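Try each task before you read its solution.

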Amino acid sequence: MATLANIPLELPVPNVDQIQIKNFIGGKWYEPISNNFIDNKNPSTDTVICQIPDSGPADVDFATSEAKKAFPQWSALHPKERARYMHKLADLIDANNEVMANFETMDQGKTLFMSRNVDIARTATNFRHFADYIESNLTEFTSQMSYPTANISQDGKPVIGHALSYVQRSAVGVAGLISPWNLPLYLLSWKIAPCIAAGNTCVCKPSEFTSVTAMMLTKLIKQAGIPDGVVNIVFGLGQSTGNSIVTHKDIPLVSFTGGTITGKHIASAAAPMFKHLSLELGGKNPGLIFDDCDLDLAIKTSVRSAFQNQGEICLCTSRLYVQRGIFDDFVAKYKRAVRDTVIVGDPTNPKTFYGPLVSKPHFEKVQSYVKHAQDAGYDVDFCVDQTVSPHIKDISATGALTVEHLENGYFMAPTVITNLQQDSRIVQEEIFGPVVSIIPFDTEEDAIRLANDTQYGLASTVWSRDQGRLRRVAGQIVSGLVWCNCWMVRDLNMPFGGFKASGVGTEGGKFSIDFFTKQQSITLG
């Protein structure tokens, strides 16, 4: 069986049936200690494309020991030196964008356009962004402030002393980084980059559904000359590999992106060990469409924000609230726009808007929500026009699509649900697929109340021509991100994080660096 570690990235995408992925520990590649592997399938074809290690506590312990060994040397490097390694890695990622993008699409199901221009491109950007950050903020990692020091004498009077007090920001140690399957390399790098920029080392676990590009990254880490043990990647399941990272005594901080239920388990397991946690969890994001908005722009952007990447983005707009006066017109035009533009099919075809869902279990989960909506009597519309999409050969009763030449893939119709209530599971629970609900509202107060009426608080959008309304409404929505008349416009220095069940902690720019460092107050007398 071929190993990805031995496939030169300068070659075209290899036409291989199976690729064995190995754990990357201390700068070397190892099979799991158990010698057990897990099949990983191409979601477009339902065929096995690779196997990943079924790693356990012993593998995580090995990786953690190597990370601990590497920490003193790596944390002692000047920040500019760490940044140099990271820039080299970013250059290598850019140079291999095409081969990595093809693997990302094969593994996850996202379109090749998304893989090239978002996932792999943004991975390189993440490493450059945090390399630039530490180079531009060197005083955060050296002595930066001094104060006169006051002592109290025996008679209770203050005495001004001559001690020097200053603040130093320091790396913490070994970080556990656990990333999801929807934006595999992109979100893994969003954790690795600030972690190692700040001087930490790490033990990483990518999703078992999408591990291929993480393996490719290990080869580039080696080529970039990053010292052995700084980045370690252990592949496996959440309940074994992930849990071993969360509970390891020598991993003091854990950064996790994934589902809210898993986040609860991590918080519970880590609490007795007083670990520092960053949990970026689920979302059920509202879009508020007021009757004075630019309707064409609102529809075009809301279609993209609902269905991009198969709806498998935590920031996707899955709940639309439309002011009653334009509700019928909006719904009709929205559905028509979906039929005309959201082409579902082969993710390597440049005309495809989105490809298959990531896995069979997730595919079946999304369909179960559709079945629930149908059983509840809601209006469920599979927005597929077979004159626009002649490659769609069949649509099942629950929205599964049969795509020509990819008949076994996990393809799902873009689904619009109306005539439902706010307390419905469709509205309240994170489906994480190409399913959107549309509900009318009357007043601004109604819109805000409906937007806030879920356990989540990650992101939202507001559409209006009234700048005063935009600011007023945005300030009352309980979510970490609010986009007004736009969506997915990101400044990587801005704080990223959710309220309520959408997470704990904040990422982005200095906020990520804050998580991965400790500030020490040092006084020299």
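Axes are lines fitted to C-alpha atoms, for helices over the stretch in contact, and angles run from 0 to 180 degrees between N-to-C directions. Helices (H or I, at least four residues) and strands (E, at least two) are DSSP runs, numbered from the N terminus. This is a predicted model, in which local features need pLDDT of at least 70 and side-chain atom pairs count only at pLDDT 80 or more, while totals for chains, interfaces and linings use all residues. Residues are numbered from 1 along each chain as its sequence is written, and side-chain values use heavy atoms, with hydrogens and water left out.

**Exercise 1.** Describe how helices H3 and H4 pack.

*Solution.* 
- Step 1: Find H3 at residues 97-108 and H4 at residues 112-136. Their axes lie 8 Å apart, at an angle of about 115°.
- Step 2: List the contacts (heavy atoms within 4.5 Å). On the H3 side, the residues include Met100, Ala101 and Thr105; among their partners in H4 are Leu112, Ser115 and Ile120.
- Step 3: Sort the contact residues, which gives 5 nonpolar, 4 polar and 4 charged. Here Ala, Val, Leu, Ile, Met, Phe, Trp, Tyr, Cys and Pro count as nonpolar, Asp, Glu, Lys and Arg as charged, and the others, Gly among them, as polar.

**Exercise 2.** Which salt bridge does Arg116 make with its side chain?

*Solution.* 
- Step 1: Apply the criterion: a side-chain nitrogen of Lys or Arg within 4 Å of a carboxyl oxygen of Asp or Glu.
- Step 2: The partner of Arg116 is Glu98, at 2.7 Å from N to O.
- Step 3: Arg116 belongs to H4 and Glu98 to H3, so this pair ties together parts 18 residues apart in sequence.
- Step 4: Check accessibility, where buried means under 20% relative accessible area, exposed over 50%, and partly exposed in between (1.4 Å probe, protein chains only). Arg116, at 30%, is partly exposed, and Glu98, at 38%, is partly exposed too.

**Exercise 3.** Are Lys110 and Asp119 buried or exposed?

*Solution.* 
- Step 1: Locate their side chains, which meet in a salt bridge at 3.2 Å, N to O.
- Step 2: Both Lys110 and Asp119 are buried.

**Exercise 4.** Work out the order of the sheet that holds E17, E18 and E19.

*Solution.* 
- Step 1: The 3 strands form an open, antiparallel sheet in the order E17-E18-E19; strands pair if DSSP finds at least two bridges between them.
- Step 2: E17 (392-395) and E19 (406-412) are the edge strands, each pairing on one side only.
- Step 3: The twist from one strand to the next averages 30°.
- Step 4: E18 (residues 400-403) is joined to E19 by 3 bridges, and Leu401 stands opposite Phe411 in E19.
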